[in-house]
Structures are given as structure tokens and as C-alpha cells.
Amino acid sequence: MSRSLQGSAGVIATARLIAAKDLRVERRSRVLLNQVLPFALIVMVMFAFALDSDAVLERVAPGLVWLATLFSVLVMVSRSFAVETADGALDQLRSAGVPATGIFIGKMLALMAQLLVLVALLVGAAVVLYRASFSWEGGVLLVTTAIAATCGLAAVGTLYGGLAAGAKGRETLLPLLLLPVVAPVLIGATRATESAFGTNGIAISEGWPWFGLLAVFAVLFSVAGAVAFGPLLDD
Amino acid sequence: MSFIAHEPSSDVVIDLIDAVAVLGSFPALAGATLSVRRGEIVLLQGPNGAGKTTLLRLCAGLIPLERGQGYVLGVDLKNDRELVRHRVGVIGHNNGLYADLTVTENVRFWGRTVGATHGEVDAALQRMGLNGRLADLPVSRLSAGQKRRTALAGLVARRAELWLLDEPHAGLDAAGRDELDQVLKMAASAGATVVVASHELERAGQLATRQVEVVAGQVRELGAS
């Protein structure tokens, strides 16, 4: 008699299984390391060339960090689902009755882990290239902002990545679907990061309400994604 | 009309009675009746668009049974079709493998979707002849036949009781086809039930213990091979 991973324990086990598999695929293929991170760094350098003013770069550094993150998210989400659809694994997972909520959470967690690495690198690049700086308190705000923002981006990315996975022209469809929805993350994360960097003399305390927005966004899309992912894949 | 009972101990794995399944507004299965017993290898033949793939998808619980009756592994497809999914293995034109992972990692992944232990995964690899040097190779470096064998090892690790295969010989060379036939015979002798939709009648016919023809959404018995 066959067994199955059912119920909440099944969802958690599935999420761990999928996240571990996605991270193992990344460790083997090194797409994040060899392609996405260099791409994000090139974007940061190109911004520096385009704006060509230390004062301007210092002022817009937070926005550039998150814009580069958004561009990279598109590549990472495409990659995350290309791995699943290349040989029909996503269809097999659904055919095998693997809980869709577990698939969603697992892919979201793996994406979030990779995004956190990316954001850390981009903040480092902002410090080096744009002369951004932050205090210890600003660092706390920066870390919590990065966690909330990457959680929101990973949730939306996984949800819309799943939606676009079976569609024709998914490479062009994904940015159209994703970018408008993550606009609140771009705004919230940029404002919170401005506070963390002290850009234009903005106080750190002004960043925490923006963190609140990011946290609400992350919770909303995580729950919505967990609920909607199964029906969305089956359709 | 079938009079076969559907208690869990029943030997009947698939029992469809006047089954109707609709794709969009088109009745892809229009009153199909089919009974398959445990350990059989059944060949579904018929022209393109006749309903073979729809029949497989219905038996896998992937599409709803609109009318008629349908039981797979004792599960009523009308009310509980999702319950049958984790007991059935479906392999279509794709293998559902991750190219960057090794053979062992792929089989372990599919086994762990049902909580299989390392020992069970190792046993599946051994049964499919994938232990040794092959086990540590990334799937991207395998031949088409080896990839198909890896996918089937995933079904063994998942302990799938019913294997539904859509054109399993497609894309394989002669050696790969021979390998596949051996694996399917071995699976059936170990108690799995195999339903194969194929256009390759000569090869699949030699493999099958029974053949049926799907025409215009209905099933016609052709007898034992």
C-alpha cells in the first residue's frame, strides 16, 4: 500500500523537501552565483555610470538596490519554474498528489533564501559604489526590511511564476504580471532602506512603518499564494 | 455492465463503467467501459484523438468523471479522485526529472514525496539497475533510456500501484526500448499494474498481457496478447 504526505505534517515535509531540492539544484547549477549575482552587480555599476554623480548616487542608492533586486527576481523566478517545467516535474508533482501548499511554501523559502544573499551583496555594492553607510540601529532596520521584502517578493514571485509556468511566452508574461504587483515592495523597501542609510537625514524611526507595510504585504501574499497555488496549477 | 466488487481487497485495479470525461465541451471519453486486474500489462491502442490520454488522465484522478462509474484501486473517481493520485504513477512524454540532480537524488526526491526511507530508495535503484556508477551521474548526462528508467525507479520508490504510461517507447533507441520492456515486465511481476498507451503496436503488443482499442472515446476489447 502506498503512503502519502497528507495534512499539515505533509505540507511541512513537502515544503522542506522542495526547498532542499531547489537549493541543491542551485548548488549544482550555480545559476545564482554565476549569472544572477553578476547580473545584479552589473545593473548597479550601470546605474553608477548613468547617474555619474556621487551626491545623486548616495541619495538614490536605496532605490537602486531594490530596483536591481526586482530585475533579478524576474530572472530567479523564471529559473525556479524552468527547472520544474523542463521535464514536466511540476505536472508530475501534481499528478502524484503532492500538496500544492507545500510546493508553494518550499519554492518560496528557497527563493527567499537566495534573495537574501542577493540583497546582502547589493547592499555591499551600494556601500562600495555609492558610499552608502548605516549605523548599528540602521543595520537592524535593514535586516528586518530585507527579510520582510524578500518574503513578499518570493511569495508573489512563486505565485505568479506558477501562473506563468504553463503559459506560452512566459518569459515576457512574467514581468508584466509581477512588476505592477510588487510596486508596494519597491516603495516600502526603498523608504525603509533610506531610513536605515539615513539618506537626506531621514530618521531610522521613520523606516519602521514602511517595514510594517512590507510585513503585511508578505503575510497577505504568502497566505494567498498558499491557498491559490493548487487551483492555479490544476487550471 | 461490470459486476466486480470494489472492496479494498479486490483484485480489480481499474473498473470503468460507461465513463464519460469531457475536455472543454468535447466528450473525449464517451461511455468507456474497462476493467483491469492487478498485475496486468494492458496496451491501449487507437488513433490520435481517440481518447487514450484522456483515459489515462481519468484513471490518474487528474480530470473529473462527468458521468458513468469509475473506480481505481477501490477509490470512487466521482467523489474522491484526488485520493487516488498518490497511489498512481503517471509518465507521459516527459520524465519529471531534474537535470542538475543525480539519479539517486531524483529517485530519493520522488520517494520522499511519500515518505520513503533511504533503504526503500536504494532498493528501487537496485531493482531498476541504477545502482553503481549510474547512481551518481547527473540526469543531464544520461541517455533517453536511462532517463526513462530513472523515472520508473521514482515510481517504484513511491510504491505506485498503478503505472499509467503514455507512449513510453517514444524517443528511445532499440536498447532503451528493450530496457523499458524488461522493467515493465519486472514491475508487473512484482504486483504493479501497467497500462500503456502506444502507437507502437508490435513492440507494445509483445509486452502487453492484454490489448484494448480506444476509438471515438469508447473502449473495445481485443483480447489477450
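Predicted model: local features only at pLDDT ≥ 70, side-chain atom pairs only at ≥ 80, totals over all residues.
**Chain B as a whole.** Seven helices and ten strands make up its secondary structure. With a radius of gyration of 17 Å, close to the 17 Å that the globule rule gives for 225 residues, chain B is as compact as a globular protein of that length. Its C-alpha trace spans about 50 × 35 × 35 Å along the principal axes. Colour chain B by burial: 53% of its 225 residues are buried. Of the contacts in chain B between residues at least 6 apart in sequence, 69% join residues at least 24 apart.

**The nonpolar core.** Next, select Leu122(A), Leu214(A), Val72(B), Leu164(B), Val194(B) and Val196(B); within the largest nonpolar core, which has 153 residues, these touch the most other members. Then highlight helix H5 of chain A, residues 100-130, which supplies the largest share of this core, 17 residues.

**Around Val196(B).** Centre the view on Val196(B). Beyond its neighbours within four places in sequence, Val196(B) is in contact with Ile41(B), Leu43(B), Leu44(B), Leu165(B), Pro168(B), Ala204(B) and Ala208(B).

**Where the chains meet.** Finally, show both chains. The contact takes 20 residues from chain A and 26 from chain B. On the side of chain A that touches chain B, select helix H1 (7-29) and helix H4 (89-95), the elements that give two or more residues. H1(A) gives the largest share of that side, six residues. Coloured by residue class, this side of chain A shows eight nonpolar, seven polar and five charged residues.

Methods. Residues numbered from 1 in each chain as written. Chains lettered and ligands numbered in written order. Helix = DSSP H or I, 4+ residues; strand = E, 2+ residues; numbered from the N terminus. Rg over C-alpha atoms; globule rule 2.2 N^0.38 Å. Buried ≥ 20, exposed ≤ 12 C-beta atoms within 10 Å, placed from the backbone. Contact = placed C-beta atoms within 7 Å. Core = buried A, V, L, I, M, F, W, Y, C linked by C-beta atoms within 7 Å. Nonpolar A, V, L, I, M, F, W, Y, C, P; charged D, E, K, R; others polar.
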